[in-house]
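Hi,

Here is the structure I promised to pass on.

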Amino acid sequence: MKKYLLIFLVLPLFVQAQTADYIDEEALFMKLVYQVQSPAFKFADYSKVYETVHLNRSRRKIDLKTLPAKKKVLSPKEIYKQNRPDVYRFVKVFVNPRNGKNTIDNVSTAFPVSEEGHFLINQHMAELWDVGSGDSSKVDRSVVYFLADYDGNMLSIDSVCTYDKKADVAIIKANTGGKKIKAFPLGDDLETGEHAYIIAHPKAYLYYFSEGMVNRMTQDGDDVYSRKMELSADYAGGSSGGPIFDNKGNIIGMVSQTLSFYYYQEEQKSLQMVVRQSVPVSLIKEFIKK
């Protein structure tokens, strides 16, 4: 009887020690709201990107220092816990016409590839600035964008360094205040059938972790910029720009878009499958000087 009593007394302590790490989405959201609605927040402090975003920087190779790839294999839980704090939100700030208050919208996902503040986003997100328009007067300065990490640290964006529509890649430079930030190392392309892991913000479901395999790697002839990696991992709008990791925590791609296949395609009836396309890391490397 005493043995059983001891087991029952110890078991609740063990269960308590295994408590899951819960995400409080409301708290994460409101932490940014309080900052943008503070008197200290100034739109001008987040508008530097508008000075050069109209310039044509398509397919420029930029000089940045990436980190060496990791070699230690991690469990999925380790991949998530080690990398989640540094998966950023790409956030829009605007004045709500109904109440006159600064308001935020979690637009998509972003991640750092250099300690100096170079981030990957999709070109279709960079289009929000009308990149490469050649006309600075087209810029809507009433709306600004910033990057925010898990802890709510906000980084302004200085410039769009390079981009390409076909590749759906853009590299932006954030203002880190001269401080080094944690960056993700770039790995190598995976083979079809290998496993990949994604941390992103689908429809503002913050820090959603998804696992899947590589379904296909495709390329049109010799056109490197047409490369696509298709995955079985789940993602949706808001996941754009999300980092895709291998089993060591290295970047092997970036979320791009989904394609829905219907039995009656024109009427979009009877959904049969969704193809999830991403940017393979070999294509990301095309925008970085070797």
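Below is what I found about the salt bridges. Please keep in mind that this is a predicted model.

Searching the whole structure turned up nine salt bridges. I will go through three of them, including where the partners sit.

One of them pairs Asp164 with Arg59, with the closest N and O atoms 2.6 Å apart. Asp164 belongs to strand β5 (residues 154-164) and Arg59 to the loop between α2 (25-36) and α3 (76-83), so this contact ties together parts that are 105 residues apart in sequence. Asp164 counts as buried, at 5% relative accessibility, while Arg59 is partly exposed at 36%.

Another joins Asp86 and Lys182, where the closest N and O atoms are 3.6 Å apart. Here too, distant parts of the chain are linked: Asp86 is in the loop between α3 and β1 (88-95), and Lys182 is in the loop between β6 (169-174) and β7 (195-200), 96 residues apart. Asp86 is buried, with a relative accessible area of 13%, whereas Lys182 is partly exposed at 35%.

Then there is the salt bridge between the side chains of Lys180 and Glu115, at 3.8 Å from N to O. Lys180 lies in the loop between β6 and β7, and Glu115 in the loop between β2 (102-112) and β3 (118-121); the two are 65 residues apart. Lys180 is exposed, with a relative accessible area of 63%, and Glu115 is partly exposed at 26%.

Best wishes

Terms used
Residues are numbered from 1 along each chain as its sequence is written. This is a predicted model: local features need pLDDT of at least 70, side-chain atom pairs count only at pLDDT 80 or more; totals for chains, interfaces and linings use all residues. Side-chain values use heavy atoms; hydrogens and water are left out. A salt bridge is a side-chain nitrogen of Lys or Arg within 4 Å of a carboxyl oxygen of Asp or Glu. Helices (H or I, at least four residues) and strands (E, at least two) are DSSP runs, numbered from the N terminus. Buried means under 20% relative accessible area, exposed over 50%, partly exposed in between (1.4 Å probe, protein chains only).
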